[in-house]
Amino acid sequence: MGDYVSKQQINYCRGPFFGSGKGFNPSRKNIQIFFWGNLLIVISVIFDNHLHSPMYFLLANLSFFDLCLSSVATPKVIADFLRKRKTISLWGCMVQMFFMHFFGGGEMSLFIAMAIDRYVAICKPLHSQIIMNRRMLIGFLVLSWAVGFIHTTSQMVFTMGLPFCGPNVVDSIFCDLPLVIELACTDTYILEFLVIVDSGLLSLVCFILLVISYIIMFVTLWQRSSRASSKAVSTLSAHITVVTLFFGPAIFIYAFPFNSYSVDKFLSVFYSIMTPFLNPIIYTLRNQEMKAAIKRLSSQQIGSCVFS
C-alpha cells in the first residue's frame, strides 16, 4: 500500500483477516441469496392475506431496511475483490457512510417498534388491535426513516467539512466514520465524542431497553401455559437473536470506535453485510406462518406458470 493516494481518494487496506483468502469473500451468489431472502419476505407479506398483521408489516419493513443497508457497501466490496488497487472517491466514501448510518439508524428504531408491538400483543392482548392500528404502524415507519436521517445527518454534516491531507488509507473494506475521521489532519476530539454518543451510546441504551422489554415479556409468558405462549416464545426468540446480531457488533464498533482491535473488521462486515443476510433465515426458519406463506406463494407462482 505504498501507492500515493490523492486527497480526493481513499484507499482500502485489507488486513490479515481479509487478505489471507480464508476470511470473508463475498460472491455474486452470496449477494443473490440475501437479496432474494429479504425480498421474498417483503413480497410474502404484501401478497399473503394471512400475514396482514402489525408484526409482519414491521418485519417486511425490516427486510426492506436490510436490503438497503446491505446494498450500500456490498457491491463495491465485491468489485474491489476483483481489483488489485482498491480505491473510492472521497465523495463516494461520504455517500457510503451517509446511507449506512441512515439505514442503520432507521433499522435500530424499527427494532424498538417491533418490541413495542410484541409487548402489546403479549401483555395487553385485548387491546392490541386498538393500540397497534394502521395509523400507529405508519407513525412507527415514518419515525424510523426520520430517526435514520437525523442520526446520519448529525454526524455527516461535521465529517464532510474535515480536511484530508493524504495519503488516505482506510484499514477496512469499506468506509466507516471512525476510520475516516482518523484520517483528518485536524483536531477531531468533538467529532469523536459525537460519534461515541450518537452511535455507540445510543446503540447501547436501545439494546438495554430492548433486553428489559423482552425479559418482561418472557416473565409474562412464563406465568401462562398454553400453545399460544409457546408460539410467542418462538417468535420472541427470533426477535432476540436478530436484535443481538444487530446491536452486538454495533455497540462494540461505535462505543469504542477509536481503539483499534483485530476483530473490528470482522464485526464491521458482520454488522453491515452478514446480519442482513442472516435475518430472513432466522425469521423464516423459526416462523411457521412465514414458511407456510412462502410455500403458498411458490405454489401460486408454479400454478400461474402452468396455466399461463
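Cys-68 has a relative accessible area of 16%, so this residue is buried (under 20% relative accessible area, with a 1.4 Å probe and protein chains only; exposed is over 50%, partly exposed in between). Cys-123, at 23%, is partly exposed. The model is predicted: local features need pLDDT of at least 70, side-chain atom pairs count only at pLDDT 80 or more, and totals for chains, interfaces and linings use all residues. Residues are numbered from 1 along each chain as its sequence is written, and side-chain values use heavy atoms, without hydrogens and water.

The protein has 11 helices and three strands. These elements are DSSP runs numbered from the N terminus, with helices (H or I) of at least four residues and strands (E) of at least two. Their order from the N terminus is β-α-α-α-β-α-α-α-β-α-α-α-α-α. Of the 308 residues, 47% are buried. Contact means heavy atoms within 4.5 Å. Among contacts between residues at least 6 apart in sequence, 78% join residues at least 24 apart.

A search of the whole structure finds one disulfide (a pair of cysteine sulfur atoms within 2.5 Å). Cys-93 and Cys-175 form this bond, with an S to S distance of 2.1 Å. The pair links distant parts of the chain, 82 residues apart. Cys-93 lies in helix H4, whereas Cys-175 lies in the loop between strand E3 (169–170) and helix H7 (177–181). The torsion about the S-S bond is about -130°, so the disulfide is left-handed. Both cysteines are buried.

Helix H4 (residues 90–123) also packs against other helices. Axes are lines fitted to C-alpha atoms, for helices over the stretch in contact, and angles run from 0 to 180 degrees between N-to-C directions. The axes of H3 (residues 54–81) and H4 come within 9 Å and cross at roughly 160°. H3 is therefore roughly antiparallel to H4 (angles over 145 degrees; under 35 is roughly parallel, 65 to 115 roughly perpendicular, the rest oblique). The contact has 17 nonpolar, four polar and five charged residues. Ala, Val, Leu, Ile, Met, Phe, Trp, Tyr, Cys and Pro count as nonpolar, Asp, Glu, Lys and Arg as charged, and the others, Gly among them, as polar.

H4 and H6 (residues 134–159) pack at about 145°, with axes 7 Å apart. This crossing is right-handed. The H4 side includes Phe-98, Gly-105 and Leu-110, and the H6 side includes Trp-145, Gly-148 and Met-156. The contact divides into 13 nonpolar, 11 polar and no charged residues.

Note on methods. Left-handed = near helix turned anticlockwise from the far one by under 90°.
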